[in-house]
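Take a look at the model below.

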Amino acid sequence: MTSSNQTGRPEEEPQWLTPEEREAWLSLSAIMFQLPGQLENQLQRDSSLGFVEYMVLAMLSEAPERHLTMSELSAQTNTRLARLSRVVKRLEGDGYVQRITSEIDRRVSICHLLEAGYDAVVAAAPGHVEQVRKSVFNHLNRRQIAQLAGIGEALLGGRPSAIVAAQLAHGSRPRE
């Protein structure tokens, strides 16, 4: 059955989810709502860091010379620049990072991981990894882990590390 919209043109009936698709969607939705809270709670309890704060420190700790442009950091943490800016401001207040302006391009901000930030992420990492294992990987066998990775690649359009590399290549700016 079709109906008309405000322009008077007929609308197509939505392609409703099959029972199998609905069950898969409800599972994914539950994961999307439950997992962030589990990770956030553990990090807050054990290290007084939020999940996004932890990810910022972790990505910086893995970066060459422990610094990234804010655009690079945004891509690597899947965080919008406006939110990232607020998170980095809090981390600056804690003495974990320092933001400076690029000498090559004054429009580019570079976020540096300071020693206290490195120490904080090193201290938080074991508990975080333990929570990730407890919440995700302890419930899956090797085949399911491979399937999960494949599902993630299909939904994201590639491997997350490759997607970040491509984003950086397309929007790369001078580093310093």
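A salt bridge here is a side-chain nitrogen of Lys or Arg within 4 Å of a carboxyl oxygen of Asp or Glu. The model is predicted. Are the two partners buried or exposed? R90 is partly exposed, because its relative accessible area is 45%. E53 has 10% relative accessibility, so it counts as buried.

By this rule there are five salt bridges. Among them is the pair of E92 and R99, at 3.0 Å from N to O. E92 counts as partly exposed, at 28% relative accessibility. R99 is also partly exposed, at 23%. R45 pairs with D46, at 3.2 Å between the closest N and O atoms. R45 counts as exposed, because its relative accessibility is 60%. D46, at 49%, counts as partly exposed.

Now turn to the core. The largest nonpolar core has 24 residues. V56, L57, L60, L73, V88, L91 and V97 have the most contacts inside it. Helix α2 supplies the largest share, seven residues. Leaving out residues up to four places away in sequence, L60 touches R66, H67, L68, L73, V97, C111 and L113.

The largest pocket has a volume of about 2,300 Å³. Its lining has 50 residues, and I31, L35, L148, G152 and L156 lie nearest the centre. α1 gives the most to this lining, with 12 residues. By class, the lining has 30 nonpolar, 15 polar and five charged residues.

Conventions:
Residues numbered from 1 in each chain as written. Predicted model: local features only at pLDDT ≥ 70, side-chain atom pairs only at ≥ 80, totals over all residues. Heavy atoms only, no water. 1 Å grid on protein atoms, 1.4 Å probe; cavity = no way out; pocket = protein on both sides within 12 Å on 5 of 7 lines; lining within 4 Å. Points joined across faces, edges and corners; volume = space filled by probe spheres on them. Helix = DSSP H or I, 4+ residues; strand = E, 2+ residues; numbered from the N terminus. Nonpolar A, V, L, I, M, F, W, Y, C, P; charged D, E, K, R; others polar. Core = buried A, V, L, I, M, F, W, Y, C linked by side-chain atoms within 4.5 Å. Buried < 20%, exposed > 50% of the residue type's maximum accessible area, 1.4 Å probe, protein only. Contact = heavy atoms within 4.5 Å.
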